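Student: Could we go through this model together? I'd like to start with contacts and then move on to the helices.

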Amino acid sequence: RYLLAGLSALALALCAALPPPIQGWTLASLIFVASCSLASSISFIFYQIPATTGTLFGTNQAVCVSFLDGMGFFLCAPILLGLGQVIHQFGWTVAWTIVAGLMGIASTFMMKALPVVFDFEGKKKEETS
């Protein structure tokens, strides 16, 4: 899913850079497919990861999920502010390329961190047994 999200963001960057002869329904269709692909890739990650890691906190699961949600908004705000400036100065092509790069970096960190988190839960269950 991470690769699909990154490729979808790059496809949107490509759509922003397409020459004027590719307009109308063709461009709209390409943007629609890339946007749907990007949204479906992100929505899975957005809804599954906090709930899965939240189960590690037992009765405090709601607090954990709320904290993760708040941290996500807190960390995204400066990135979105910066992307707004990039769009204003350089256009959508550069902005979508940055989004694809950030998704690649974030997914790399996540793929390294999640096994450690889930292994912690397994060790915790073994200790209580």
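Student: Which residues does M103 touch?
Tutor: Leaving out residues up to four places away in sequence, M103 touches A5, G6, L38 and I42, where contact means heavy atoms within 4.5 Å. This is a predicted model, in which local features need pLDDT of at least 70 and side-chain atom pairs count only at pLDDT 80 or more, while totals for chains, interfaces and linings use all residues. Residues are numbered from 1 along each chain as its sequence is written, and side-chain values use heavy atoms, with hydrogens and water left out.

Student: What makes up the largest nonpolar core?
Tutor: That core has 11 residues, among them A5, L38, L83 and M103; a nonpolar core is a set of buried Ala, Val, Leu, Ile, Met, Phe, Trp, Tyr and Cys residues joined through side-chain atoms within 4.5 Å, and buried means under 20% relative accessible area with a 1.4 Å probe, protein chains only.

Student: And which helix gives the most to this core?
Tutor: Helix α4 does, with 4 residues; helices are DSSP runs of H or I with at least four residues, numbered from the N terminus.

Student: Switching to S8: is it buried or exposed?
Tutor: S8, which sits in helix α1 (residues 2–17), is buried, with a relative accessible area of 4%.

Student: What does the side chain of S8 join in a polar contact?
Tutor: The side chain of S37, at 2.6 Å; a polar contact is a pair of N or O atoms within 3.5 Å, and within protein one must be able to donate a hydrogen and the other to accept it, with residues adjacent in sequence counting only if both atoms are side-chain atoms.

How values were computed
Helices (H or I, at least four residues) and strands (E, at least two) are DSSP runs, numbered from the N terminus. Buried means under 20% relative accessible area, exposed over 50%, partly exposed in between (1.4 Å probe, protein chains only).
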